[in-house]
Amino acid sequence: MIHFTCDCCGRAINQTSETRYVVRMEVYAALDDEAGNTAEEADHLGEIEDLLERMDDIDADLDEALYRHVRYDLCPDCRERFLRNPLGRVASRTSYSEN
Ligand SMILES: [Zn+2]
């Protein structure tokens, strides 16, 4: 059996008694002409993929700078914490109480 540990708190996730949550994030460089042009968003994503495929052969470091895909396993506690503050913002408590 595969054992998972929470990538946030480092705790082992007991999958027989609790749910393991997976966070997948993409961080990529925004194209200049992407704003306000949502109808063509699918085309732009295709262009990015083409671009990345071509750059794969050229420069892996440049590829990383333009596009990162990360995946984390989270325990239920850290899932809650992550959803409350996905970007790890500091002092976000005041804005929450105002809402
Ligand atoms: Zn955790």
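**Reading the metal site**

Author: Let's begin with the zinc ion: its site is tetrahedral, with angles of 104 to 114° among its four donor atoms. For comparison, the ideal angle for four tetrahedral donors is 109.5 degrees. Keep in mind that this is a predicted model.

Reader: Which protein residues are the donors of the zinc ion?

Author: Four cysteines, each through its SG atom: Cys6, Cys9, Cys75 and Cys78. They lie 2.2 to 2.3 Å from the zinc ion. Written as a spacing pattern, the donor residues read C-x2-C-x65-C-x2-C.

Reader: What does the pair Cys9 and Cys75 tie together?

Author: Look at where each one sits. Cys9 is in the loop between β1 (4-5) and β2 (12-13), while Cys75 is in the loop between β4 (67-74) and α3 (76-84), so the pair links parts that are 66 residues apart in sequence.

Reader: Is Cys75 buried or exposed? And what about Cys9?

Author: For this, look at relative accessible area; under 20% counts as buried. Cys75 has 1%, so it is buried. Cys9 has 41%, so it is partly exposed.

Reader: Which residues make up the largest nonpolar core?

Author: There are six: Cys6, Ile13, Val23, Leu74, Cys75 and Cys78. Notice that Cys6, Cys75 and Cys78 are also donors of the zinc ion. Leaving aside residues up to four places away in sequence, Leu74 touches Cys6, Cys8, Ile13, Thr19, Arg20, Tyr21, Val23, Arg79 and Phe82.

Reader: How many helices and strands does the protein have?

Author: Four helices and four strands. Starting at the N terminus, the order is β-β-β-α-α-β-α-α.

Reader: And what do the totals say about the protein?

Author: Of its 99 residues, 16% are buried. The protein exposes about 8000 Å², and carbon and sulfur atoms supply 49% of that. As for contacts between residues at least 6 apart in sequence, 62% join residues at least 24 apart.

Conventions:
Residues are numbered from 1 along each chain as its sequence is written. This is a predicted model: local features need pLDDT of at least 70, side-chain atom pairs count only at pLDDT 80 or more; totals for chains, interfaces and linings use all residues. Side-chain values use heavy atoms; hydrogens and water are left out. Donors are N, O and S atoms within 2.8 Å of the metal (3.2 Å for Na, K and Ca); water is not among the atoms, so sites may look incomplete. Four donors count as tetrahedral if all angles lie between 85 and 135 degrees; four count as square planar and six as octahedral if opposite donors are over 155 degrees apart and all others between 65 and 115; anything else is irregular. Helices (H or I, at least four residues) and strands (E, at least two) are DSSP runs, numbered from the N terminus. Buried means under 20% relative accessible area, exposed over 50%, partly exposed in between (1.4 Å probe, protein chains only). A nonpolar core is a set of buried Ala, Val, Leu, Ile, Met, Phe, Trp, Tyr and Cys residues joined through side-chain atoms within 4.5 Å. Contact means heavy atoms within 4.5 Å. Accessible areas come from the Shrake-Rupley method with a 1.4 Å probe; for residues, only the protein chains shown count as cover.
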